[in-house]
Amino acid sequence: MTGPAVDLLDPAAVADPHSSFARWRAEHGPIVWSERHRAWLVMGHAELTEAFGDRRLSTERMAGFLDRLPPDRRAAVADGVALLDGWMLFHEPPTHERLRAPLRRSFTPRAVSRLEATVEQRVEALLDQLAAGPNDVDLVEAFCHRLPAEVIGDLFGIPAESAAWLRSWSADFGVLVFGATRRADYEAVVRRSAATFSEHLGPLMPQRRTQPADDLLSALIEVEDDPDGLSTTEILGACSLLLFAGHDTTASLLGSSVAALDADAGAREQLCSEPAVVDNAVEELLRFESPPKVMVRSVAESHERSGRWFEAGQTVFMGILAANRDPARFADPDVLRLDRDPNPHLAFGFGHHFCLGAALARLETRTALPALLRGFPDLRLAGRPTWQPTVADRSPASLPARLGSGRRGSRVG
């Protein structure tokens with residue numbers, strides 16, 4: 001099979017994927033084969049919505065994963081793979097429902113709303129630290145990654161001093177999650193990610209068994225022996241999923257939102273001056289720069305889709321970032337409209353794999369973003385954002401910024 005030069009890792013497509021998606025969609029339609037990635041790319045909103053609900057496209061990834069690796073690599077990644085096997089994201093029903101059920105209650109909008117005061121306190125503390133520091137900062141390091149790391153740490157009862165570990169661990173674990181097997185240091189990085197995860201989470205398990213706390217880890221352990229409870233390995237896998245996705249997704253959304261608003265002074269002013277628009281603004285920012293660029297499926301059963309023949313075993317890239325700017329579904333898709341309504345974006349997926357942490361990501365963003373921009377009204381990016389060169393994520397690697405005049409009218413530094 002041959003196809004056009006659809007390359008999500010081309011530097012131009014990393015820096016500006018929207019222009020690339022628009023060109024590929026105009027030239028080849030809503031579904032195109034990428035020879036570079038050996039995968040189908042679904043870019044149309046209607047086509048993607050339909051694909052999310054089609055059980056012939058599967059998230060199952062772990063069966064035989066180790067067997068597909070060369071023998072000399074298997075031992076190095078076995079512990080990391082064991083964590084991934086506990087990810088509901090990589091399973092279909094009924095395993096998916098069994099892994100998801102013990103977590104669902106902790107992530108309903110009502111349950112998440114109880115974290116609002118905690119999130120506000122974390123935001124205030126980080127803004128105070130920014131105000132006391134230098135005027136020139138990388139917001140990715142100083143704010144966007146720190147807030148979700150601390151909040152997800154609170155949710156799991158991870159000591160505050162360990163929250164800083166989450167970013168480096170997420171970067172390492174992402175090598176396994178995103179299948180970067182061609183990296184020369186693949187085994188070393190995956191081994192390190194599994195070891196540091198065990199180092200930080202391992203001691204908490206026996207501690208919570210004897211001294212339960214008001215946190216998610218204790219809640220999972222409480223039902224461990226129930227017929228529908230998770231095994232110890234599955235609990236650790238669930239923790240790795242939520243720590244990784246709960247930290248990474250929100251950090252990406254905060255960073256890309258700052259970049260989008262820096263480029264649109266009118267939208268930024270509207271968000272700061274009209275508090276009532278914040279919920280709609282978060283939805284529009286989710287659409288405009290969705291944290292997931294693509295989600296991955298495999299073809300479980302050969303079938304025809306929009307005039308294309310999908311063979312069993314092929315890979316499918318569910319192009320969320322592309323579909324969320326599909327002109328067939330959104331008027332002026334490349335315009336940031338904070339009052340856009342309705343806004344049927346697919347940033348959190350669709351169907352039974354809809355993102356469990358969506359309510360938490362929304363809470364953190366609607367709390368943090370207005371507070372940051374109102375607290376530092378002169379904040380501006382001091383250079384172009386750089387983006388992580390990955391297939392799956394739309395995530396800023398750095399956001400060099402100048403904070404300007406100080407919070408509450410004063411600055412130190």
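Helix 9 (residues 146–156) and helix 18 pack at an angle of about 135 degrees, with 11 Å between their axes. That angle makes helix 9 oblique to helix 18, since angles under 35 degrees count as roughly parallel, over 145 as roughly antiparallel, 65 to 115 as roughly perpendicular and the rest as oblique. Axes here are lines fitted to C-alpha atoms, for helices over the stretch in contact, and angles run from 0 to 180 degrees between N-to-C directions. The helices themselves (H or I, at least four residues) and the strands (E, at least two) are DSSP runs, numbered from the N terminus.

Before going on, a word about what you are looking at: this is a predicted model, in which local features need pLDDT of at least 70 and side-chain atom pairs count only at pLDDT 80 or more, while totals for chains, interfaces and linings use all residues. Residues are numbered from 1 along each chain as its sequence is written, and side-chain values use heavy atoms, with hydrogens and water left out.

The predictor's confidence in each residue is the pLDDT, which runs from 0 to 100. The protein averages 89, and 93% of the residues score at least 70. Over residues 409–413 the pLDDT is below 50, and beyond near neighbours in sequence this stretch has 14 contacts in the model. Contact means heavy atoms within 4.5 Å.

Helix 9 passes helix 18 in a right-handed crossing; a crossing is right-handed if the near helix is turned clockwise from the far one by less than a right angle, and left-handed if anticlockwise. On the helix 9 side, Leu147, Pro148, Val151, Ile152 and Leu155 meet Leu360, Glu364 and Ala368 of helix 18.

Buried means under 20% relative accessible area, exposed over 50% and partly exposed in between (1.4 Å probe, protein chains only).

A second pair is helix 10 (residues 165–177) and helix 11 (residues 186–201), which pack at about 135 degrees with their axes 8 Å apart. Helix 10 is therefore oblique to helix 11, and their crossing is left-handed. Among the residues of helix 10 that take part are Trp165, Trp169 and Phe173, and those they meet in helix 11 include Tyr186, Phe197 and His200.

Leu166 is found in helix 10 and is buried, with a relative accessible area of 1%. Leaving aside neighbours within four places in sequence, Leu166 is in contact with Ala149, Ile152, Leu243 and His247.

Finally, some backbone details. Most residues other than glycine have a negative phi, and most peptide bonds are trans. The table lists some exceptions.

| Item | Backbone value |
|---|---|
| Pro93 to Pro94 | cis, omega near 5 degrees |
| Asp341 to Pro342 | cis, omega near 5 degrees |
| Arg38 | phi near 55 degrees |
| Ser306 | phi about 50 degrees |

Pro94 lies in the loop between helix 4 (71–84) and helix 5 (95–104), and Pro342 in the loop between helix 17 (320–323) and helix 18. Arg38 sits in the loop between strand 1 (31–34) and strand 2 (39–42) and is partly exposed at 44% relative accessible area. Ser306 is in the loop between strand 6 (303–305) and strand 7 (308–310); Ser306 is partly exposed too, at 38%.
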